[in-house]
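Below are my notes on the model, as numbered points. Please read them alongside the coordinates.

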There are 2 protein chains.
Amino acid sequence: MSVNLKKPLKKDILPVPGFSFLTFNAKVKEKSKKNDFLIFELNDKALTAAVFTKNKFCAAPVILAKQNLTKINPRLLVINSGNANAGTGKNGIVDAKKINLLLSSKFNVNPNSILPFSTGVILQPLPMRRITQAINDNCSKQIKYNSHWIEAAQAIMTTDTIPKAISQKFFLSKHEISCTGIAKGSGMINPNMATMLGFIFLDANISKKMLNCLIHEVVERTFNLITVDGDTSTNDSFLISCSNLAKNKRIETKNSLYIQLRKNLMGIAGKLAEMIIRDGEGATKFIKIEIKNAKNIDEVKIAGKAIANSPLVKTAFFASDPNLGRILSALGNISAFNINTNLIDIKLNNNFVVQKGKIALSYSESKALKAMKAKEFMLSINLKRGKTTATVLTTDLSYEYIKINAEYRT
Amino acid sequence: MSVNLKKPLKKDILPVPGFSFLTFNAKVKEKSKKNDFLIFELNDKALTAAVFTKNKFCAAPVILAKQNLTKINPRLLVINSGNANAGTGKNGIVDAKKINLLLSSKFNVNPNSILPFSTGVILQPLPMRRITQAINDNCSKQIKYNSHWIEAAQAIMTTDTIPKAISQKFFLSKHEISCTGIAKGSGMINPNMATMLGFIFLDANISKKMLNCLIHEVVERTFNLITVDGDTSTNDSFLISCSNLAKNKRIETKNSLYIQLRKNLMGIAGKLAEMIIRDGEGATKFIKIEIKNAKNIDEVKIAGKAIANSPLVKTAFFASDPNLGRILSALGNISAFNINTNLIDIKLNNNFVVQKGKIALSYSESKALKAMKAKEFMLSINLKRGKTTATVLTTDLSYEYIKINAEYRT
């Protein structure tokens with residue numbers, strides 16, 4: 001199930017200079033019939049920045065990737081689906097290091113230059129025998145790199161119904177930049193502990209410092225504004241890697257090139273994030289929740305997610321039931337800042353539902369019903385507190401969500 | 001649907017000296033076929049304490065009841081189901097005041113001595129014409145008080161499948177105390193904005209100051225430790241009223257009588273709270289989540305509810321799927337205090353699942369599966385941070401929950 005989301009065409013997902021990858025089936029889940037192992041090789045000029053889950057039970061690969069990022073420039077990304085290597089204690093770290101050591105000999109790189117990412121079920125050790133075997137089989141003689149980048153997106157899918165990838169070319173002054181992003185997740189905040197992963201590759205020329213700035217600005221306005229079920233996973237990771245092979249003048253400050261690049265990357269990351277929501281587990285609706293005139297982006301996140309994560313609001317979305325009082329109640333439960341309930345306006349698409357904290361005089365239940373019967377609609381909440389406006393994306397809560405998550409391991 | 005919850009027998013729910021009530025059908029919902037209006041008359045010696053929802057969009061009756069409580073000793077409680085009178089702005093307050101004014105003339109009491117409570121759908125004005133008519137019909141000539149207290153519990157039901165009431169007699173030194181409590185809610189934190197309401201009546205002799213202490217201590221360890229879906233309603237209210245007709249020495253300090261009384265009231269409030277969870281919307285399981293060795297009761301609440309409100313954990317409960325990594329992840333998302341993940345132990349009934357933050361060596365998936373297939377089980381989380389231990393009660397998240405909430409207004 002997904003809401004107005006088409007599988008990207010193979011021809012539309014383009015390679016990025018400086019990056020190559022291979023995928024194979026490592027049988028991470030014993031009965032896996034699809035490629036579940038992905039290795040990305042980054043050129044030696046590539047600079048990489050990443051952000052990780054804030055879940056305190058973060059997975060072994062997250063711990064190791066964070067450590068390695070501080071040590072040395074990454075040269076390999078190694079990503080498996082089917083097992084999150086989380087809740088596995090020190091043994092989980094030992095396993096991830098063993099894989100890195102093996103790959104370092106195959107690819108002739110420093111083991112600390114390998115960043116691991118895992119996604120799948122948690123509280124289960126990695127099947128090390130099968131993974132080792134698969135690496136030996138696929139990386140020993142001449143390594144066969146894939147040519148179609150859509151296959152990278154396919155290798156990291158778990159409960160996703162559609163591979164998520166997007167390519168875009170844009171200009172920094174007069175120099176063309178190639179950029180491709182892939183992501184997985186049927187919820188960023190995330191169903192099945194299957195986790196959200198996102199990777200964007202581009203050839204732009206940028207300093208490490210500016211890349212680190214950029215990733216935080218991008219993630220805060222894109223992936224951090226989506227939610228399926230409010231459950232932040234143990235493995236969420238988002239990474240941007242720049243091969244620095246493009247001809248643009250190296251970006252060293254927050255200059256106009258930086259602004260241009262940020263705009264483009266926000267567009268790409270935003271589209272990947274939107275794909276995750278459109279493919280949210282059990283989603284029958286795609287809902288935009290615009291929070292207007294908050295004091296800052298944190299208030300947008302808090303208010304938007306208070307609505308987007310309320311089971312009562314989500315079931316009303318599912319039923320196309322304009323039981324919009326549930327939205328008032330969800331807003332009223334925010335304790336992080338003091339909402340003035342007498343100021344709040346709420347619009348459904350372009351029609352007022354609530355004005356100054358109470359039912360709008362112009363409110364028409366039949367119009368609201370019609371709006372909510374569509375597969376997509378927008379709620380707009382005006383907090384009248386400040387000048388920050390942004391949009392949280394979410395789905396409804398359907399029978400199918402329960403089915404997927406109740407039967408995940410069977 | 002409810003989990004091991006029987007309808008109380010009429011004979012077991014006893015009147016309390018100093019209190020009488022009447023119920024009638026005011027057609028708050030136009031097609032209502034059951035009594036939906038309840039008026040409690042309190043004797044003139046009765047002292048009353050109440051706590052209300054912290055939702056900032058609190059309903060008109062909550063605003064008015066809070067105000068009136070500060071003014072004068074309550075003599076009437078007026079409770080309707082079927083409409084929450086919330087999100088109704090100033091008109092909602094005006095309506096509630098009109099009802100109070102009408103009742104004040106019927107019962108010959110000060111209008112400020114009347115506390116209103118409403119429960120039901122929000123963002124809809126009260127049907128004042130029908131309510132006024134019903135009050136005139138039922139309270140004009142000789143008022144017919146009900147004799148069976150179970151009828152009070154029945155009048156406040158919304159999506160409840162079973163009326164919730166309990167009576168108990170206990171001694172304060174050698175003096176017998178009568179106590180009856182009623183509650184409604186299929187979720188305290190609460191499905192359908194149908195809200196949780198709880199009322200306990202007793203004849204104990206206690207000062208106003210001590211009663212106010214008591215209610216906070218009781219609610220913090222009972223109603224505040226339950227959750228169905230994490231949605232705190234606009235109308236939640238809990239009240240204790242003492243008619244002071246019993247012969248016990250008046251409780252003026254936190255002496256041994258106070259401790260005895262608190263123990264008994266915690267028992268009664270705890271059982272009412274448990275009934276709400278057992279009758280939680282769509283509940284197929286009743287789950288106790290014991291949080292051990294927290295620093296204080298707030299940490300118990302935060303940790304217990306992080307687990308109890310996670311859709312992923314709840315769907316695993318529903319499926320009897322020991323996908324217990326989801327519990328780790330839910331705990332890892334707590335940001336309010338610093339959990340040391342390397343200390344955490346988790347038990348399912350009496351068996352370790354997690355020890356020191358990772359899979360227990362003795363863990364057996366088949367045993368866990370068996371435990372979770374039961375209608376009731378207990379999770380015990382040892383935080384190893386302090387000395388406070390308490391238990392949060394919750395339900396699973398089933399297809400039926402979605403059905404009830406998606407079809408609430410149809």
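1. Strand E8 (residues 197-202) of chain B has six of its six residues buried. Leu197(B), Phe199(B) and Phe201(B) point one way from E8(B), while Gly198(B), Ile200(B) and Leu202(B) point the other way. Buried here means 20 or more other C-beta atoms within 10 Å of the residue's own, exposed means 12 or fewer, and partly exposed lies in between, with C-beta atoms placed from the backbone. In a regular strand the side chains alternate between the two faces of the sheet. Strands (E, at least two residues) and helices (H or I, at least four) are DSSP runs, numbered from the N terminus.

2. This is a predicted model, in which local features need pLDDT of at least 70 and side-chain atom pairs count only at pLDDT 80 or more, whereas totals for chains, interfaces and linings use all residues. Residues are numbered from 1 along each chain as its sequence is written, and chains are lettered from A and ligands numbered from 1 in the order in which they are written.

3. In chain A, five strands form an open sheet of mixed pairing, in the order E3-E10-E8-E7-E6. Strand E3 (47-52) and strand E6 (164-172) of chain A are the edges; each has a single partner strand, so one side of each is left without a neighbour in the sheet. On average, neighbouring strands of this sheet are turned by 15° against each other, direction ignored. Helix H6 (residues 256-278) of chain A packs on the sheet, where it touches E6, E7 and E8 of chain A, and its direction makes about 165° with that of E6(A). Axes are lines fitted to C-alpha atoms, for helices over the stretch in contact, and angles run from 0 to 180 degrees between N-to-C directions.

4. The contact takes 50 residues from chain A and 49 residues from chain B, contact being C-beta atoms, placed from the backbone, within 7 Å. On the chain B side, H9(B) gives the most, with seven residues. That side divides into 22 nonpolar, 19 polar and eight charged residues; Ala, Val, Leu, Ile, Met, Phe, Trp, Tyr, Cys and Pro count as nonpolar, Asp, Glu, Lys and Arg as charged, and the others, Gly among them, as polar.

5. Lys305(B) lies in helix H7 (residues 297-308) of chain B. With 22 C-beta neighbours inside 10 Å, Lys305(B) counts as buried. Leaving aside residues up to four places away in sequence, Lys305(B) touches Thr227(B), Gly230(B) and Val392(B).

Definitions and conventions. Two residues are in contact if their C-beta atoms, placed from the backbone, lie within 7 Å. Two strands pair if DSSP finds at least two bridges between them.
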